[in-house]
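Hi,

Here is the structure I promised to pass on. Have a look at it first, and my notes follow below.

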Amino acid sequence: MARYVRGFDLEMAAAHLARRDRKLGRWIERIGPLDVAAAWRKPFDTTDSLARAILYQQLSGKAAATIVGRVEVAIDAKKLHADTLCRVDDAALRACGVSGNKTLALRDLAARAAVGEIPSSREMAGLHDLEIIERLTAVRGIGRWTVEMMLMFHLGRPDVLPVDDLGVRKGAQLLDKLDEMPKPRALAERGEKWGPYRTLAGLYLWRIADGAAPARPAVKRSQD
């Protein structure tokens, strides 16, 4: 069975992209190396990360952080797991500011985690990207974009291009000097030449869209 390591050689990936795409290569030279590897070395818990992603959806970072803090106090724990989330009822979650839909999503996540349906980071080392996407998007409230962010920022998978992300699409528009943002399908076709390092291409497209400013936390870009 294949085993997937967390992270990849950023310098090699950047050189590959520059060879395959001169326009992107000029942006890479202008922006310089991206410091994203540190996140790939941090401990990572799948259930906790998905729970936080649910809570952050469609909210500003500050508002979501406030709600997460209230939930942590309510469950008397820093990790959002099946056993900790069951310490509070739905009314208590609503009192923390959690919407009804998000409460249902957290309950579904907790139930699946309790029966072993949510793979750990160690287990995901043996799963292909598409297998991870299929398994995690089965959770209520978890869409493909959220899992793609996990693949890119936590697992360090090298060949993920979130074609539905508005920032990535805007970066591609600026890269190719288009009149409008490319549709996801067109961007997927455009990105074929960036493989097997489409993750790094996506990271640079975000920077291009941001005017080469420091990258913003991915959670603020929730599309799910």
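Let me begin with the cysteines: the count comes to zero disulfides, taking a disulfide as a pair of cysteine sulfur atoms within 2.5 Å. The sulfur of C86 is 15 Å from the closest cysteine sulfur, the one in C96, which is too far for a bond. C86 is exposed at 56% relative accessible area, while C96 is buried at 7%. Here buried means under 20% relative accessible area, exposed means over 50%, and partly exposed is in between, with a 1.4 Å probe and protein chains only.

Before you read on, please note that this is a predicted model: local features need pLDDT of at least 70, side-chain atom pairs count only at pLDDT 80 or more, and totals for chains, interfaces and linings use all residues. Residues are numbered from 1 along each chain as its sequence is written, and side-chain values use heavy atoms, with hydrogens and water left out.

Now the aromatics. Searching the whole structure gives three aromatic pairs. Rings of Phe, Tyr and Trp (its six-membered ring) pair if their centres lie within 6.5 Å, and planes under 30 degrees apart count as stacked, over 60 as edge-to-face and the rest as tilted. For F8 and W40 the ring centres are 4.9 Å apart and the planes sit at 40°, so this pair is tilted. F8 lies in the segment before α1 (10–20) and W40 in helix α3 (residues 37–40), so the pair ties together parts that are 32 residues apart in sequence. (Helices, H or I with at least four residues, and strands, E with at least two, are DSSP runs numbered from the N terminus.) F8 is buried at 14% relative accessible area, and W40 is buried at 6%. Ring pairs also bring in Y197, giving a cluster of F8, W40 and Y197.

What about the nonpolar core? By that I mean a set of buried Ala, Val, Leu, Ile, Met, Phe, Trp, Tyr and Cys residues joined through side-chain atoms within 4.5 Å. The largest one has 66 residues, and L24, V71, W194 and L200 touch the most other members. Helix α14 (residues 198–209) gives the largest share of this core, seven residues. L200 touches F8, L10, A13, A14, L17, L34 and P158, leaving out residues up to four places away in sequence; contact means heavy atoms within 4.5 Å.

Most residues other than glycine have a negative phi, and most peptide bonds are trans. The peptide bond from G195 to P196 is cis, with omega near 5°, and P196 lies in the loop between α13 (184–190) and α14. D76 has a positive phi near 55° without being a glycine. You will find D76 in the loop between α5 (61–75) and α6 (82–85), where it counts as exposed at 64% relative accessibility. K177 is another non-glycine residue with a positive phi, near 55°. K177 is in the loop between α12 (166–176) and α13, and is exposed at 76% relative accessible area.

Cheers
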